[in-house]
Amino acid sequence: MTLLGLLECEPSHGYDLKRDYDTFFSRGKPLPFGQVYATLGRLARDGKIVIGEVEPGVGPERKRYVITERGATEVESWLTEPVEAEPNLQTVLFTKVVLALMLDRPAEEYLDRQRAAHLRRMKELTEIRRGGDLVDTMLADHGLFHLEADLHWIDTTVARLDALRKVVRR
Amino acid sequence: MKAIEAREVHLSFGETPALRGASVAVAPGEIVAIMGPSGSGKTTLLHCLAGILVPDAGEIHFDGRRIDTLNEHQRSVLRRDQFGFVFQFGQLVPELTAEENVALPLLLSGVKRAAALEQARPWFERLGLAGLQRRRSGELSGGQAQRVALARGLVARPGALFADEPTGALDSLTGEQVMDLLVASAREQGTTVVLVTHEARVAAYADRQVIVRDGKVNALVHS
């Protein structure tokens, strides 16, 4: 979808698309050329892009890809659809906490370890945002806010452990 | 080597225990965040470390010297000459200009006015406050006032800076600017920092975090 979105900005070649993707979205994991062309082939097959003019060059011919009306509609609906909320971490942690209480294990200690792991990651992201450009900063912010939300949940859960213990050990 | 240390500190307010055997050690130049729920004793611990409160039992050491046995006057001199402070609300003196506020610790230590202001001025450029030297606190935004408070906390090159919720009154972006400057300035001067915060994003700026819970320091959490 990202490549399709980049093509809505302007018609582009595979090489330029990869470069733009790596600049803004890959964050240390460059997109393989093979994946770029496989994706473009699939988008063309599905009628979301077409191959425009072909430019001869020193190397292989450069195909310029152009988004279609159908492709643009798909980008539009993808952009307007909210991303699914991800309660996965809480679910795993919640399960651990409840099981720890059921098994009379130190749930608070487990949560403290999780808090330490979260804080370590937040420190890494803070270093990235302090030394990085605006794109790095915004991506680090996204991670930081999510981790912070998890920490709020951990803090609240620690405060509720005694009450939760009574509920799960009835 | 420890710059600041609390050993088994106990302190009660009337019948209510605030600290119940709290121990923590901070290395020279280290930035440590004290976290914990409301009422856990984190600010009380900070005040003990900074010589503001005297524990009922236990010891506080700064730079190899025991400070909880000093009398009120000696602790006052220690705070004035060795420590810097930043609080949640900048607590600038409203009658003074921003540069006079920054120069205040130097003036209180006996530095002549012209020399104190001379030392205060470079902080305005450093903290992005150029042109605001003559403003009074009522004419500064929250973020500007907090940066002035930060400059005041560091201007005398203290051995330790104690910060209690230094971004608590600021929005997230302004708070991060203040923390960026606090960390950069403290590192530049080699100042040891003890920071109390309930915000994980602020604590993430520290080298290490400790949690105070029920008046004790939880040593599990470290980076």
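Student: Which pattern does chain A follow when it is read along the sequence?

Tutor: Helices (H or I, at least four residues) and strands (E, at least two) are DSSP runs, numbered from the N terminus; read in that way, chain A follows the pattern α-β-α-α-β-β-α-α-α-α, with 7 helices and 3 strands. Please keep in mind that this is a predicted model, in which local features need pLDDT of at least 70, side-chain atom pairs count only at pLDDT 80 or more, and totals for chains, interfaces and linings use all residues. Residues are numbered from 1 along each chain as its sequence is written, while chains are lettered from A and ligands numbered from 1 in the order in which they are written.

Student: Into which domains is chain A divided, and how far apart do their C-alpha centres lie?

Tutor: Domain bounds come from an automatic or database domain assignment, and here they give domain 1 (2-80) and domain 2 (88-168) of chain A. The C-alpha centres of these two domains lie 38 Å apart.

Student: How many of the residues of chain A, as a percentage, count as buried?

Tutor: A residue is buried if 20 or more other C-beta atoms lie within 10 Å of its own, exposed if 12 or fewer, and partly exposed in between, with C-beta atoms placed from the backbone. By that count, 17% of the 170 residues of chain A are buried.

Student: Turning to chain B, what is the order of strands in the open sheet of 6 strands?

Tutor: Strands of a sheet pair through backbone hydrogen bonds, either parallel or antiparallel. Two strands are taken to pair if DSSP finds at least two bridges between them, and in chain B the order is β6-β7-β8-β3-β9-β10, with mixed pairing. Strands β6 (83-86) and β10 (216-218) of chain B stand at the edges, each with a single partner strand, so one side of each is left without a neighbour in the sheet. Within this sheet, β3 (residues 31-35) and β9 (residues 208-213) of chain B run parallel and are joined by 4 bridges, and Met35(B) stands opposite Ile211(B) in β9(B).

Student: What is the order of the open sheet of 4 strands in chain B?

Tutor: That order is β2-β1-β4-β5 (chain B), with antiparallel pairing. At its edges stand β2 and β5 (65-66) of chain B, each having a single partner strand, so one side of each lacks a neighbour in the sheet. Strands β1 (residues 4-13) and β2 (residues 16-26) of chain B pair over 8 bridges, with Ser12(B) opposite Pro17(B) and Leu11(B) partnered by Leu19(B). Their hairpin has 2 residues between the strands, and in it Gly14(B) takes a positive phi near 65 degrees. On the other pairing, 5 bridges join β1(B) to β4 (residues 57-62) of chain B, where His61(B) is the bridge partner of Glu5(B).

Student: Which strands does helix α1 of chain B lie across?

Tutor: Axes are lines fitted to C-alpha atoms, for helices over the stretch in contact, and angles run from 0 to 180 degrees between N-to-C directions; two residues are in contact if their C-beta atoms, placed from the backbone, lie within 7 Å. Helix α1 (residues 42-49) of chain B lies across β3, β7 (160-164), β8 (192-196) and β9 of chain B, and runs at about 155 degrees to β8(B).

Student: Where do Glu165(B) and Asp214(B) lie, and are they buried or partly exposed?

Tutor: Glu165(B) lies in the loop between β7 and α7 (172-189) of chain B, has a positive phi near 50 degrees, and counts as buried because it has 21 C-beta neighbours inside 10 Å. Asp214(B) lies in the loop between β9 and β10 of chain B, has a positive phi of about 55 degrees, and with 15 such neighbours inside 10 Å counts as partly exposed.
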